[in-house]
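Take a first look at the fold before reading on. The paragraphs below go through it part by part.

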Amino acid sequence: MGPKAKKSGSKKKKVTKAERLKLLQEEEERRLKEEEEARLKYEKEEMERLEIQQIEKEKWHQLEAKDLERRDEELEELYLLERYFPEAEKLKQETRLLSRWKHYIQCDGSPDPSVAQEMNTFISLWKEKTNETFEEVIEKSKVVLNLIEKLKFIVLETPPSDLQDKNIIQYQESILQLQELLHLKFSVATEILLRQASTLADLDSGNMEKVIKDENVTLYVWANLKKNPRHRSIRFSETQIGFEIPRILATSDIAVRLLHTHYDHVSALHPVSTPSKEHTSAVTELVKDIKNVEKAISKEVEEESKQQERGSHLIQEEEIKVEEEQGDIEVKMSSAEEESEAIKCEREMKVLSETVLAGKHWRTDGISNVSYKPKERLVTFSLDTFGPVTLIQDAHINMPYQSWELRPLDVNKVLLTVTTVFTEIQIQIKENLCMLSSIKLKDKKHISILEGTWMTPIPFIIALKEAGLNIFPTRHSHFYVIINNKVPLVEVKAYRQMALLSSAFAFGWSKWNLLCNSTKVVFKVREHLTEECTENPNWALLMFSGDRAQRLKIKEKSEAFSEALKEETEFHSTLYHMVKDFASKEAMEKVRSSNCQFVNSVCHMLLSTRLLSYS
């Protein structure tokens with residue numbers, strides 16, 4: 001290697017102790033200066049924040065004082081608008097009286113269901129009539145079922161103030177007597193039919209086969225005349241209804257009846273308890289302090305607590321006369337109900353049976369080999385013994401709702417859309433009538449026999465429930481559904497005021513309703529004067545506590561919930577005055593000229609669906 005390299009670089013300058021202390025001192029002074037500047041900045045910002053907070057607090061108090069100052073005036077104006085509800089009740093009462101008068105002058109021989117003496121005479125005369133054929137009983141059943149329906153509607157539609165407990169007991173006893181007598185008449189007529197078994201024998205099998213069809217009842221009767229052990233599988237001609245029996249029964253003197261009714265003729269045979277004052281729903285109990293609220297909505301809330309929950313859509317009854325031991329029976333049948341098709345893939349369907357001894361509740365034991373073919377709409381199952389059989393749907397399968405919207409369509413006409421996990425249901429409301437507009441199952445439109453049929457609210461609700469489209473909670477539903485429970489009084493006030501505004505304003509579901517507490521509700525609202533739907537509607541978010549309405553600063557797509565008031569808006573005591581701040585004169589005039597029956601019907605549907613608690 002070469003010569004030793006010279007040391008490169010200059011010699012480092014040595015820092016003295018004094019210089020080091022000076023540097024540390026300068027650094028400490030710089031740090032203290034930065035801390036002081038940060039402290040002053042923080043104090044300034046804090047003062048500004050407190051100042052803004054104080055200004056906002058003073059402004060809030062000013063708005064509260066202004067709201068309190070004009071509260072009486074706003075509530076008085078709302079009270080004048082709410083005249084729609086007693087006016088609607090008065091029209092209903094006049095309609096009921098007119099209906100009774102029309103029945104009186106009609107003189108068709110049918111009794112007035114509200115008059116106990118006429119009902120008792122009708123029942124006694126029919127009891128005395130004997131040897132009626134099945135066809136005659138079917139024809140008479142139309143009158144009986146109509147009377148039962150009228151009696152139920154009298155209980156549901158008559159305001160509690162006009163209906164005494166003794167009247168309710170009278171009507172329920174009449175219903176029970178009619179149901180029991182009709183059931184008995186069908187059984188006696190079947191026995192009379194079986195006496196003619198030999199004359200009705202099938203040429204091929206030699207056994208009796210008889211099918212009698214009607215709009216309410218279909219009868220299938222089979223009698224084993226030949227006792228051929230090879231004839232164990234029976235299927236009624238030109239139908240999908242059939243059954244299989246074990247060999248021991250194929251050689252016995254037996255007859256089988258399948259009675260398919262389009263109404264529940266089994267559950268209703270048990271007495272119904274009389275509704276009492278303590279059974280009135282919480283909604284009624286909590287609205288006593290509102291002017292005329294109890295009178296105006298008593299029928300709606302009473303109807304919720306009185307309605308009998310009926311989940312049955314299809315009932316087949318098999319009766320057998322046999323002295324020997326019974327084995328497994330396989331029954332095949334297809335539903336004649338169109339509405340079962342509408343929900344066949346979306347609901348949990350259970351095949352249930354009831355033994356004669358059980359009598360008071362449905363049971364699932366004794367049923368095996370259950371299968372369902374959706375395309376053929378064919379249910380197949382095996383029974384240990386004969387007895388009533390039904391298909392029952394979960395009453396709360398459509399709850400809670402995913403979203404909802406109420407929007408005007410035309411003068412005194414709105415569209416209510418309720419979206420559930422499986423179904424989108426659209427309901428039109430006009431004057432005192434409701435109609436099923438459309439059903440969508442997983443975004444696919446389904447045709448229903450109820451579509452296009454206008455009915456008053458109570459019959460409409462019952463029809464939807466019987467069709468498996470139950471979006472009407474009862475006072476017990478919260479035991480089965482996780483809900484966003486709201487104070488009933490707040491709900492009632494919101495629904496009534498939404499109904500008053502529904503002719504000119506659209507309302508919709510908001511996700512923030514889940515995050516506010518139970519004493520407040522949050523929903524979307526916008527002015528809507530034309531039937532056309534805009535792609536990006538400008539919704540306002542309102543929060544309502546029953547006594548105060550305010551427009552929120554947040555939007556539906558905001559990241560967090562806040563009760564902050566929107567800039568340049570005020571508090572109001574009612575929703576009517578809240579929307580009046582940003583509504584057009586045309587919209588408010590449309591609200592003031594709404595039809596009283598229309599407003600009452602919209603309110604009835606909102607109270608019945610309870611959108612704010614069950615969404």
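In which hand does α11 pass α14? The crossing is right-handed. A crossing is right-handed if the near helix is turned clockwise from the far one by less than a right angle, and left-handed if anticlockwise.

Some ground rules come next. This is a predicted model, where local features need pLDDT of at least 70, side-chain atom pairs count only at pLDDT 80 or more, and totals for chains, interfaces and linings use all residues. Residues are numbered from 1 along each chain as its sequence is written, and side-chain values use heavy atoms, with hydrogens and water left out.

Now the whole chain. The protein chain holds 14 helices and 20 strands. Both are DSSP runs, numbered from the N terminus: helices are H or I with at least four residues, strands are E with at least two. Of the 615 residues, 47% count as buried. Buried means under 20% relative accessible area, exposed means over 50%, and partly exposed is in between, with a 1.4 Å probe and protein chains only. Among the contacts with a separation of 6 or more, 68% come from residues 24 or more positions apart. A contact means heavy atoms within 4.5 Å.

Back to the helix pairs. Two packed helices are described by the angle between their axes and the distance between the axes. Axes are lines fitted to C-alpha atoms, for helices over the stretch in contact, and angles run from 0 to 180 degrees between N-to-C directions. Helix α11 covers residues 488-501, and helix α14 covers residues 596-609. Their axes come within 8 Å and cross at roughly 145°. From α11, the contact uses Val492, Tyr495, Arg496, Met498, Ala499 and Leu500. From α14, Val599, Val602, Cys603, Leu606 and Leu607 take part. By class, that contact has 10 nonpolar, no polar and one charged residues. Here Ala, Val, Leu, Ile, Met, Phe, Trp, Tyr, Cys and Pro count as nonpolar, Asp, Glu, Lys and Arg as charged, and the others, Gly among them, as polar.

Another pair joins α4 (residues 134-157) and α10 (residues 457-466). These axes come within 10 Å and cross at roughly 115°. The crossing of α4 and α10 is right-handed. Phe153, Leu156 and Glu157 of α4 meet Ile458, Pro459 and Ile462 of α10. Five of the residues in this contact are nonpolar, none is polar and one is charged.

Turn to the rings. How many aromatic pairs are there? The count comes to six. Rings of Phe, Tyr and Trp (its six-membered ring) pair if their centres lie within 6.5 Å; planes under 30 degrees apart count as stacked, over 60 as edge-to-face and the rest as tilted. Tyr220 and Phe236 form a tilted pair, 5.3 Å centre to centre with 50° between the planes. Tyr220 lies in strand β2 (residues 217-223), while Phe236 lies in the loop between β3 (233-235) and β4 (242-244), 16 residues apart. Tyr220 counts as buried because its relative accessible area is 7%. Phe236 is buried too, at 1%. Phe236 also pairs with Phe243, again tilted, at 6.4 Å and 55°. Both Phe236 and Phe243 are buried. Tyr220, Trp222, Phe236 and Phe243 form one aromatic cluster.

Charges meet rings as well. The charged end of Arg83 sits over the ring of Tyr84, 4.9 Å from its centre. Lys430 lies over the face of Trp454, 4.5 Å from the ring centre. The rule asks that NZ of Lys or CZ of Arg be within 6 Å of the ring centre and within 35 degrees of the ring normal.

Last, some loops. Met399 to Pro400 is a cis peptide bond, with omega near -10°. Pro400 lies in the loop between β11 (388-393) and β12 (403-410). Asn131 has a positive phi of about 55°, although it is not a glycine. Asn131 sits in the loop between α3 (116-128) and α4. Is Asn131 buried or exposed? Asn131 counts as exposed because its relative accessibility is 59%. Ser545 is in the loop between β19 (540-544) and β20 (549-551). Leaving aside neighbours within four places in sequence, Ser545 is in contact with Val490, Thr519 and Lys520.
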